[in-house]
Amino acid sequence: MAQRWESDLDEDLQDVDLNLAIGTYGQNGIYEDAQPRIDEATLLAVQQQMAQQAAFSVVPDVVKRFIVHFHQAVLDNNLAEITVAYESGWNKLTEKYYQKTEWPEAEVIAPLVNDDQIFLILYRELYYRHVYSRLQPDIDDRFHSYENSCELFNYLLNSDGPVALQLPEQWLWDIIDEFIYQFQSFCVWRTKVKSKTAEELQLLADAGQVWSSYSVLNVLYSLIQKSKIHENIAAVQEGKSAEEIAEIVGEYGVRPLYRMLGYFSIIGLLRVHSLLGDFTLALKVMEGVELNQKSPFTRVTACHVTTYYYVGFCYIMLRRYTDAIRTFVSILNFILRMRQYHTRSYQYDQINKTADRMYALYAICNALSPSRLDDNISNIVKERYGEQFAKMSKGEEGIPAFEELFIHACPKFINANPPPYEDPDLLATYIEEPPVEPAQRHLGLFLSEVRAQAPVPTLRSFLKLYTSLDASKLANFLDADEEEMVQQLMVMKQASRSVSRVEGEKSLLDGQTIPTSDLDFVIDENMVHIAESTVGRRYAGWFIRNTEHAQRVYDTVKNAPLPPKSGSASTQQHHQQQQQGSAPPKSAGQKVAWGGVKVN
């Protein structure tokens, strides 16, 4: 036994530097020089290990049990358990223990999951999302979240084959959504040069491709290409069988993980290109994606709302206000119908904020292209933005109202290129003469269109009063000469036409030029002839509202207390009167039912 113990000990010591382990204590009789010098990296590693042990000891037991359970659900690909842990467990524990602090770092909880690197990547994704949403990320958080995202997408895209991992659709959307949000947040933070410390300036100078537009777009396009999602969408629309679709999309596209990541990446590209200011390309990447209630993106409410918000905003910037109004009305009605469901969603606040921004954009569209599409939405808009809405119809006076609503409702645009951190001279010039912020640049482009249409509301108000009008008289009304008046009429004519989608078109960019105003006119020599088309009453909405009212009245009557039963005090009194010969006098004529014909 002793020999075996010694042999085991020898084997354990084969890889150990005995000189380092035993040291040179007492050699040469010099104590100071004989002390073993511990490598600084080793010392830091020991200190880090001790800190992790201390951090692990303070993690609540319920959190430890949750992480173990969560890890096991991921290992088993148990979608039901993963969904409960992701949507319920994580958020409840966050509210209870980590409202204002970070979750334990991945290295701290690693022993609980047997150092499973894939689970730790997913855990870090949740960890950094919590930091961005509840806390204030520092530069290390921003760099490390990018590194973790790269590790996750490298695992999904560069493995030997499709990975066996399965995640709920809500989580898959959140991965793409958070990836783009962190990119957007980094770009906004990166442009604020004056607030940076010397260390941050150096790190940004050496950052290279960290959160670059190229790397983000590369991830999204790679997921689309790997999943063959465009081919999948086309095959489904052509009505091909499941076997034919599987053959078309290959081994990656048949897996729900890759299929949904590819699909959500299309929505992600819509968002990124909108943030970069390329609105035509943003709608172009949505080629084939149908905006209806049967599309896959509607299964995740946050994705549904995001898609319609960015599509509607792109239409505004392309001056297609009718399409924008139609888009906003569709999603805002959906949110109103699903309000009770949203209160149970952890993204309820974000959905409400996005909806509020869309009401503001709807107000802008309706001011630039008056239309009557939905009374419910219009009433809500007037309640929230009635003051701005009234100002926007006053021509030049309404410009500040347009500016206020646009800044409130537009996305947080980003610069594709970072400041020149690597060149101190160029950076100094950048600080002295900073470029125009993206939001202000897009605001300027938008307001140029608004100013061009500024005379239209005033001109429209005069034309609505007449069926024909002398040109000189109209010019006097406008305090302008006839040539300037004709220019304003041409601006109004141009503003009353727009490219609009026709039902059945697959591309969001396709459409036909249609009139968007109920007021039209022609100029015949010195006379302006006006024709106004009247819009018939929308009986469907009227019947729906009154049917709902009738249903409420019926429910109230149905739930009211029953009338007194026979044998009550009033009935007994009636019988007593009959027995005493003092029955009440009968009414003249025959008693008839309500609504019947009275017979004398």
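**Exercise 1.** Determine which residue lies over the face of Trp-189, and at what distance from the ring centre.

*Solution.* Step 1: a charge sits over a ring if NZ of Lys or CZ of Arg is within 6 Å of the ring centre and within 35 degrees of the ring normal. Step 2: the residue over the face of Trp-189 is Lys-196, at 4.3 Å from the ring centre. Step 3: likewise, Lys-226 places its charged end over the ring of Tyr-252, 4.7 Å from the centre.

The model is predicted, so local features need pLDDT of at least 70 and side-chain atom pairs pLDDT 80 or more, while totals for chains, interfaces and linings use all residues. Residues are numbered from 1 along each chain as its sequence is written, and side-chain values use heavy atoms, with hydrogens and water left out.

**Exercise 2.** Classify the pair formed by the rings of Phe-70 and Phe-119.

*Solution.* Step 1: rings of Phe, Tyr and Trp (its six-membered ring) pair if their centres lie within 6.5 Å; planes under 30 degrees apart are stacked, over 60 edge-to-face, and the rest tilted. Step 2: the structure holds 28 aromatic pairs. Step 3: the centres of Phe-70 and Phe-119 are 5.7 Å apart and the planes stand at 85°, so this pair is edge-to-face.

**Exercise 3.** State whether Phe-70 and Phe-119 are buried or exposed.

*Solution.* Step 1: buried means under 20% relative accessible area, exposed over 50%, and partly exposed in between (1.4 Å probe, protein chains only). Step 2: Phe-70 has 2% relative accessibility and therefore counts as buried. Step 3: Phe-119, with a relative accessible area of 3%, is buried.
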